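Here is my note on the model, in numbered points. Please read it with the structure open beside you.

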Amino acid sequence: MTEALRPQPSEGPEFVQLLTPEGERVAHPDYDLEISDEEIRGLYRDLLMVRRIDTEATALQRQGELGLWASLLGQEAAQVGAGRALTASDFAFPTYREHGVAFCKGVDPVTLLGLFRGTSQGGWDPYQNGFGLYTIVIGSQTLHATGYAMGLQRDGGDGAAMAFFGDGASSQGDVNEAFVWASVFNAPVVFFCQNNQWAISEPLEKQTRIPLYRRAQGFGFPGVRVDGNDVLAVLAVTRQALARAREGSGPTLVEAWTYRMGAHTTSDDPTRYRLAAELETWKLKDPIERVKAHLSRSGGADATFFAEVDTAADELAAHLRAGCLALPDPDPITLFDNVYAEGSSLLDEEREQCAAYLASFAAAGH
Amino acid sequence: MAARTLTLGKALNEGLRKALEADPKVLIMGEDVGRLGGVFRVTDGLQKDFGEDRVIDTPLAESGIVGTAVGLAIRGFRPVCEIQFDGFVFPAFDQIVSQVAKMRYRSAGHVALPITIRIPYGGGIGAVEHHSESPETYFAHTPGLKVVTCSNPADAYSMIQQAVSCDDPIVFFEPKRRYWDKAEVDTDAAPAPLWTARVARAGTDVTVITYGPSVRTCLEAAAAAESEGRDIEVIDLRALSPIDWGAVVESVTKTQHAVVVAEAPVFASLSAEVAARISERCFYSLEAPVLRVGGYSTPYPTSRVEEDFLPDLDRILDAVDRSLAF
């Protein structure tokens with residue numbers, strides 16, 4: 001069973017790959033991608049920046065500056081490929097690990113840190129970049145994406161919605177309800193599943209007996225499995241799925257076959273449940289190295305370019321660190337803010353009580 | 001004056017029609033709300049007049065109804081979700097409590113979710129299990145939600161419109177055994193603010209605080225007590241979160257006796273909250289402890305014994321007697 005779930009890239013057209021782990025371009029009959037060297041350099045830059053955000057945030061957690069961090073290490077290509085397929089009029093509904101999609105959507109990574117530092121609960125404006133709030137309850141956002149897509153159908157919006165979720169979430173009732181809704185209403189939504197093989201300690205085999213992308217067939221829409229460590233393939237597949245959604249042909253399930261190289265979060269210890277050998281196998285499929293190998297071999301980029309990107313990544317990391325340390329602790333009384341749009345007599349009263357209690361310390365000279 | 005005799009169900013129907021007419025972003029979604037008009041006919045005729053895109057028959061999955069309503073609201077719509085029966089709301093509980101209630105807070109005010117979730121609730125209709133429950137406390141306990149309930153046709157007509165136009169998520173409880181109660185509704189009258197309680201009957205001896213389906217029962221109890229020379233004041237809370245404490249305190253300060261009546265089991269209930277607040281605010285006015293009459297701490301029983309579970313006229317008057325005799 002395990003083998004059936006985990007095919008090798010050589011297994012044929014069901015597994016979409018356009019760039020091998022060795023950095024060779026390969027053709028696929030259904031997914032052509034016309035892409036310039038400049039665009040590939042842009043994707044390389046995105047991948048490197050996103051990884052740098054992740055390593056810096058992990059370091060900040062280890063130094064006590066963040067309470068928690070959910071690393072995306074290993075999933076950069078899946079997120080950059082999908083993130084760059086999204087246009088300004090598309091709306092992304094993320095889990096709590098979509099730092100790469102956020103970056104592509106133009107969200108300042110410092111903003112993301114507030115949630116993990118405890119200075120906000122997200123708090124960004126989802127409308128500004130078309131990037132929804134991080135959603136920690138597993139799978140809930142797939143229904144929000146579907147509803148948003150139904151809204152697009154009703155107001156004539158020209159975008160599509162993309163729901164991000166993982167292999168573990170595929171077992172959730174909400175995800176399956178989202179599939180039913182999207183299918184029945186033919187909603188312009190793309191379900192983007194990053195199958196990173198592990199739901200904390202539970203391997204894929206605990207979630208499914210068939211490849212996840214095949215589930216779509218049972219709901220009445222197409223499913224496709226793509227090499228999630230191949231940014232070109234993910235870009236091509238998600239672009240096509242989004243185009244299909246926008247033109248009114250309904251939802252698509254994209255299963256991005258990838259691997260969570262790090263722990264589930266900084267609170268997790270993967271040595272308790274998986275073998276180091278598995279990690280070694282996936283290191284050979286690194287999403288960044290293959291793009292670098294391709295650009296080097298094709299002459300699409302030179303050493304100067306790679307050095308420039310490294311420098312830019314370090315600058316971003318410095319921005320992230322400085323921004324993190326500068327995030328202000330909220331004024332305690334603001335904990336009453338934004339519960340309701342039209343206020344509440346109950347909350348007004350409690351705010352007054354809290355303010356009076358806090359003021360009593362000032363009055364006592366403490 | 002446009003006063004007409006309407007049932008409570010028809011008043012809701014007309015209120016929803018007005019809401020659909022007033023704002024093209026208002027949608028109705030739920031199971032059987034379209035062609036059938038809802039199992040209680042509250043949405044009767046609305047799909048025919050407003051189309052399938054605005055009055056949406058959904059798949060049978062309550063979490064899906066509320067979860068997609070969240071997405072529609074993010075997109076700028078104003079969904080009105082119907083949960084077919086009280087006992088069916090729990091598959092949607094996660095979406096309501098974790099998503100609907102918190103989205104505004106989590107987004108620092110950037111996202112408003114003007115969603116109304118209608119739930120027919122309460123017993124007394126001889127139904128099978130899961131069709132007679134009173135789950136209002138769960139929602140009143142959840143910050144980020146507002147909770148209201150109507151008790152009569154006039155309130156039903158105005159309150160549903162006020163709820164739909166409110167920018168906060170509201171759980172709107174409908175007293176299902178009162179759907180067929182009739183009364184005159186002045187559709188031109190300016191309604192009271194949604195967050196105010198109503199003195200349903202003025203009195204001097206005891207304050208009975210209640211809401212939803214129990215309001216009529218309490219009024220009947222008050223009428224019966226009158227013949228025994230007892231003058232009961234009945235407060236219809238209408239809003240269950242937040243509660244109009246001013247109206248409650250004013251009345252109890254006057255009567256010095258309070259009895260709280262609701263169908264839900266009294267343990268850790270809204271009735272408990274009302275009793276606690278009265279103790280805090282009316283302590284020196286009270287001549288007796290606040291008493292509560294409600295359901296017992298059992299699952300809702302079979303219909304052949306539900307009349308023994310529900311607060312009825314005799315149990316209410318028994319509590320009034322105990323309060324006055326204290």
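1. In chain A, the C-alpha centres of domain 1 and domain 2 lie 40 Å apart. Domain 1 of chain A covers 2-330 and domain 2 of chain A covers 334-363; such bounds come from an automatic or database domain assignment.

2. Some ground rules. This is a predicted model, in which local features need pLDDT of at least 70, side-chain atom pairs count only at pLDDT 80 or more, and totals for chains, interfaces and linings use all residues. Residues are numbered from 1 along each chain as its sequence is written, while chains are lettered from A and ligands numbered from 1 in the order in which they are written.

3. Chain B is also divided, into domain 1 (3-186) and domain 2 (198-325). The centres of domain 1 of chain B and domain 2 of chain B, taken over C-alpha atoms, are separated by 26 Å. Across this boundary, 25 residues of domain 1 of chain B are in contact with 20 residues of domain 2 of chain B (contact: C-beta atoms, placed from the backbone, lie within 7 Å). On the domain 1 side, β6 (146-149) of chain B gives the largest share, four residues.

4. How many residues meet between the two chains? 35 residues of chain A are in contact with 35 residues of chain B. On the side of chain A that touches chain B, α6 (126-129), α7, α8 (173-185) and α14 of chain A each supply at least two residues. The most comes from α7(A), with 12 residues. Helices here are DSSP runs of H or I with at least four residues, strands are DSSP runs of E with at least two, and both are numbered from the N terminus.

5. A:Asn338 sits in the loop between α13 (303-326) and α14 (345-363) of chain A. Leaving out residues up to four places away in sequence, A:Asn338 touches B:Arg104, B:Tyr105, B:Ala108 and B:Gly109. A residue is buried with 20 or more other C-beta atoms within 10 Å of its own, exposed with 12 or fewer, and partly exposed in between; C-beta atoms are placed from the backbone.

6. Helix α4 (residues 93-100) of chain B has B:Gln95, B:Ile96, B:Gln99 and B:Val100 buried. Seen down the axis of α4(B), these buried residues fall within an arc of 115 degrees, so they line one face of the helix (the arc is that of the directions from the helix axis to the C-beta atoms). Their cover includes α7 (140-155) of chain A, along with α3 (62-74), α5 (103-106) and β5 (116-121) of chain B.

7. In strand β13 (residues 258-265) of chain B, seven of the eight residues are buried. β13(B) pairs in the parallel sense with β10 (residues 206-210) of chain B over four bridges, and B:Val208 stands opposite B:Val259. β13(B) also pairs in the parallel sense with β14 (residues 291-295) of chain B, again over four bridges; a pair needs at least two DSSP bridges. Here B:Val261 stands opposite B:Val293.

8. The largest nonpolar core has 194 residues (a set of buried Ala, Val, Leu, Ile, Met, Phe, Trp, Tyr and Cys residues joined through C-beta atoms within 7 Å). A:Val254 is one of those with the most contacts inside this core. Apart from neighbours within four places in sequence, the residues in contact with A:Val254 include A:Val190, A:Phe191, A:Phe192 and A:Cys193.
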